[in-house]
Amino acid sequence: MVSTEFWQEAAQAIYWYRKPEIVLDSSRAPFNRWFPDGVTNACYNALDFHVERGRGEQTALIYDSPVTATKRQYTYTQLLAEVAHFAGALAARGVVTGDRVLIYMPMVPEAAIAMLACARIGAIHSVVFGGFASNELAQRIDDATPLVIVAASCGVEPSRLVAYKPLLDHAIELARHKPEHCIILQRPMLIAEMIEGRDMDWLQVMDRARPVACVPVNANDPLYILYTSGTTGQPKGVVRDTGGSIVALKWSMKAVYNVSAGDVYWAASDVGWVVGHSYIVYGPLFAGCTTLMYEGKPVGTPDPGAYWRVIEEYKVCVLFTAPTAFRAIKKEDPQGHYLAKYDLQHFRALFLAGERCDPHTLGWAQDKLQVPVIDHWWQTETGWPVCSNCLGIEELPIVAGSPARAVPGYEVRVLGKDGATVAAGDIGALVLDTPLPPGTFITLWDAPERFVEAYFTRFPGYYETGDAGYIDENGYVFVMSRTDDVINVAGHRLSTGAIEEVLFGDKDVAECAVIGIADPIKGQIPLGLLVLNSGVTAPPEVIVARTIKLVRDSIGPVAAFKLCTIVERLPKTRSGKLLRGTLRKIADGERWKMPATIDDPVVLDEVAVALKKMGYPAD
Ligand code: COA
Ligand code: AMP
């Protein structure tokens, strides 16, 4: 663990209206507070800071959208002007420091502009990923109670337009809380119907807006809320504060990614995820880099050379994405023929996170790209990497399957069920020493008890990551799986409990189980097993199709819930616990043993037959 002096030093690199004299207040642990008496502003540090220091003409943001055939660039001066105007538009609608603004937008520059505009006036943004449907959106509206919602009329997926506005309208109908205003970015490919008195057009609002200056905020004032899957249906609203985020993210840009002002840095993710918050919007701009917003996929927009085209065209130095993207590219272009068409001379490193990087994908990327391929491990809660090979400090040997060692600021341990540290190489719960460093979450929105209970109770004195793994003799950390019901689908974190909750909502479903099974591209995908009420007469295929649609309509397409079957019974232990682990092993074709605690072994055999009929395990 590094000292508080270390962070005091790092804090010198950012702009403060009032410099903090206290580095850390841990008097109310685990509600620790970094730089509690500092006053700053995230938007100032992202934009004004650079313009005032002569970086105004440098490109701040590149928008590249193969799905709409659009390319656009903003200099720091231009981005600042847009953000100051939109901040003025929000302020004109009564938004002040501490108010929440919900943003439901695809990968368009206006999403980043809205986020930075909130930061400019001290409002707390809550971005909701576009792949979530109305129910999920409604839950977040009720939890964050936003005064204003900023949305786009549609998202553009390669195969279809996603009409966001009807999803938003329905979510507002479902929610108990009603926002006062909705500002809608009308995209030309799908113009949304507006609700008189509530909805306003982004362009008109911008036309009438007057730019506003940054509002100084306390370092511990929330910068944003970002919801993530918890162990049960109710999402957790991770709250990040302002001062710590600026200090940690700015520091990490150089220390972890080894990029400096002027470099082009590309995180191919989505603004709706933590990667998007930390490394599409805030981190690169705090560091004076050029950031890239890419509205497309790694394959099919138009081909598996898409990433290489972007890297060449904009002289990208560092790319950060999820291993799933590379598995998709590798599948379509195993020999790297598309790669050979592009000049990647400026490209220095690839960073992967979001899910475990399988050694095969790592090896392929290393072989084809001939640059360091860095697996690094972090979570929505931490906001920036916990373990990484820190290219800006010292490049460590790369060990496949490991995100290397703890980044300065973190101390990782592996604890057994009894809470004692296990021996090197033994698997256990991955925990972090407290206090967590600056830039990590400070609480859960409106749920401080859940913050303590979910993360700091099982292993007193430590932060429980929810991941299991081990540390080898060289201090390399290996993250193997989750200890809860969270699964990782194409780098997206999903709760199987949340999907089960939706399935229970079907009138014919008596019992259900959702497990995450291995998928060659997405890493994991959910598979549902349904037990029906007695006397149900509807054909199985009708019920299966209906429940799949139910999940898509409730949670959204992001759940990728496409596999479901009906079984007579679910395999359980004698105490009634579902045998999830054994089911997963059977589906994945791994070796498994009949659990000693099983209630009725015949049930497991029946389910194994049902899984085989679905093609799991594959022959
Ligand atoms: N708005 C609306 N729908 C969206 C969406 C958005 N912003 N993003 C995804 N979806 C939809 C997709 O269209 C898809 O719907 P479908 O079932 O009708 O096909 C579904 O949600 C699942 O999307 P996705 O997980 O992106 O899967 P995919 O099959 O479309 O693409 C990959 C697979 C691997 C190409 C894709 O996951 C990818 O590009 N990953 C890159 C890494 C990444 O973004 N990681 C995020 C964390 S770092
Ligand atoms: P999210 O909060 O959506 O970013 O998801 C965080 C979870 O993704 C972690 O708790 C891990 O389970 C998983 N994860 C992220 N990065 C890695 C990695 N490099 N290796 C293994 N698992 C990872």
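## Two ligand sites in a predicted chain

The shell around ligand 2 is made up of 4 nonpolar, 5 polar and 6 charged residues. In this division Ala, Val, Leu, Ile, Met, Phe, Trp, Tyr, Cys and Pro are nonpolar, Asp, Glu, Lys and Arg are charged, and the others, Gly among them, are polar. The structure is a predicted model, in which local features need pLDDT of at least 70, side-chain atom pairs count only at pLDDT 80 or more, and totals for chains, interfaces and linings use all residues. Residues are numbered from 1 along each chain as its sequence is written, chains are lettered from A and ligands numbered from 1 in the order in which they are written, and side-chain values use heavy atoms, with hydrogens and water left out.

Ligand 2 is surrounded by 15 residues, the closest being D375, T380, D467, R482 and R493; a residue belongs here if one of its heavy atoms lies within 4 Å of the molecule. Its polar contacts are pairs of N or O atoms within 3.5 Å; within protein, one atom must be able to donate a hydrogen and the other to accept it, and residues adjacent in sequence count only if both atoms are side-chain atoms. A side-chain N or O atom of T380 is 2.5 Å from an oxygen atom of ligand 2. The backbone also takes part: a polar backbone atom of H376 is 2.8 Å from a nitrogen atom of ligand 2, and one of G354 is 3.0 Å from a nitrogen atom of ligand 2. Taken alone, ligand 2 exposes 500 Å², of which the protein buries 93%. Such areas come from the Shrake-Rupley method with a 1.4 Å probe; for residues, only the protein chains shown count as cover.

Ligand 1 has 25 residues around it, and E157, R160, P298, R552 and K562 are the closest. This shell divides into 12 nonpolar, 7 polar and 6 charged residues. Polar side-chain atoms of R160 and R552 each lie 2.8 Å from an oxygen atom of ligand 1, and a polar side-chain atom of H492 lies 3.4 Å from one. The protein buries 84% of the 930 Å² that ligand 1 exposes when taken alone. Two elements give two or more residues to this shell, β10 (160–163) and α11 (323–332). Helices (H or I, at least four residues) and strands (E, at least two) are DSSP runs, numbered from the N terminus.

Where does ligand 1 lie relative to the domains? Domain 1 (4–296 + 376–469) and domain 2 (490–613) both give residues to its shell, so ligand 1 lies between them. The domain bounds come from an automatic or database domain assignment.

P298 is buried, with a relative accessible area of 14%; buried means under 20%, exposed over 50%, and partly exposed in between (1.4 Å probe, protein chains only). Among the buried ones are W308, R309 and Y314. After α10 comes K315, with a positive phi near 55°.

The chain as a whole has 17 helices and 30 strands. Of its 619 residues, 60% count as buried.
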